[in-house]
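Open the model in your viewer and keep the selection tool handy. We will go from stop to stop, with a note on what to pick at each one.

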Amino acid sequence: NGKLHVELEHIVRAVTQDGKGVAVTIEGPGGKRSVARADYLIAAVPAPLLLEWTLSPQLPDAQRQALSSLTYGRATKAILRFTRRWWRAQARPRAFATNLPVGAVWETAEEQKKAAMVTLLAGGRASDELRALLEGEGGLAMSKRLRWLGGGPREAPQVQWVTWERDPWARGGYAYFSPSFDPALRPLLARGAGRVLFAGAHTSDGYQGYM
């Protein structure tokens, strides 16, 4: 019927393939398992999760080594929603890289007429610092920390945030290649294995590091 159906809160546990198709064992809420069948499977999950799947046949040793050699960086992202765009002024930039605990700062949805939102993205050590601020200070305190953008409002914004290294289904904000990663293994990250194909930022040559 052309409609896409998305199953939330379901976990892939195993993938079996042969010359005719793919069978995916899925665990739903409450632990009940079922099997979904298809011609192909596109696996667009972080490498640590993929390595926990039971695959039959198994991936080649070199490909498993490539996936297990990836390092995942820490990242906390927050979106602050205000009632007005108090940071706007003529000729003032709308995006900033900082060495502050708030990380990088930019206006969100700037092409929408009424949206008044700012995004914060902190990586590495700053991820821990931003998370601690969000947990301990609340929205109004975050507004005060952004007054260098142009004065700052007196209102407490609505705040939505996530720390990806604490998300069991992400394990980190982005994959990166540490000095210990063998560059010769990189093409294996995107190489399909029979009827199982791989996608995600870690498989991209041009956009690696973006989710």
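Which residues does Trp 53 touch, not counting residues up to four places away in sequence? Select Trp 53 and you will find Val 12, Arg 13, Val 15, Leu 41, Ala 43 and Val 45, where contact means heavy atoms within 4.5 Å.

A word on what you are viewing: this is a predicted model, in which local features need pLDDT of at least 70 and side-chain atom pairs count only at pLDDT 80 or more, while totals for chains, interfaces and linings use all residues. Residues are numbered from 1 along each chain as its sequence is written, and side-chain values use heavy atoms, with hydrogens and water left out.

**Stop 1**

Buried means under 20% relative accessible area, exposed over 50%, and partly exposed in between (1.4 Å probe, protein chains only). Helices (H or I, at least four residues) and strands (E, at least two) are DSSP runs, numbered from the N terminus.

**Stop 2: strand 2 and its partners**

Next, select residues 22-27, which make up strand 2; five of its six residues are buried. On one side, strand 1 (residues 11-17) runs antiparallel to strand 2, joined by six bridges; two strands pair if DSSP finds at least two bridges between them. Pick Thr 16 and you will see Ala 23 of strand 2 opposite. These two strands form a hairpin with four residues between them.

Strand 2 also pairs with strand 3 (residues 33-38), again antiparallel and over six bridges. Here Ile 26 stands opposite Ser 34. Five residues separate the two strands in this hairpin, and Gly 30 in the turn has a positive phi of about 90°.

**Stop 3: salt bridges**

Side chains of opposite charge can pair when their charged atoms come close. With a salt bridge taken as a side-chain nitrogen of Lys or Arg within 4 Å of a carboxyl oxygen of Asp or Glu, the count comes to 13. Select these pairs in turn:

- Glu 27 and Arg 33 form a salt bridge at 3.3 Å, N to O; Glu 27 is buried, at 15% relative accessible area.
- Arg 85 and Glu 107 form another, at 3.5 Å, N to O. The pair links distant parts of the chain, 22 residues apart: Arg 85 is in the loop between strand 7 (75-81) and strand 8 (95-96), and Glu 107 is in strand 9 (residues 104-108). Glu 107 is buried, at 6% relative accessibility.
- Arg 145 and Glu 137 meet at 3.0 Å, N to O. Arg 145 is partly exposed, at 34%, and Glu 137 is partly exposed, at 34%.

Finish by selecting Arg 74, Asp 128, Arg 131, Glu 135 and Arg 166, which salt bridges with shared partners join into one network.
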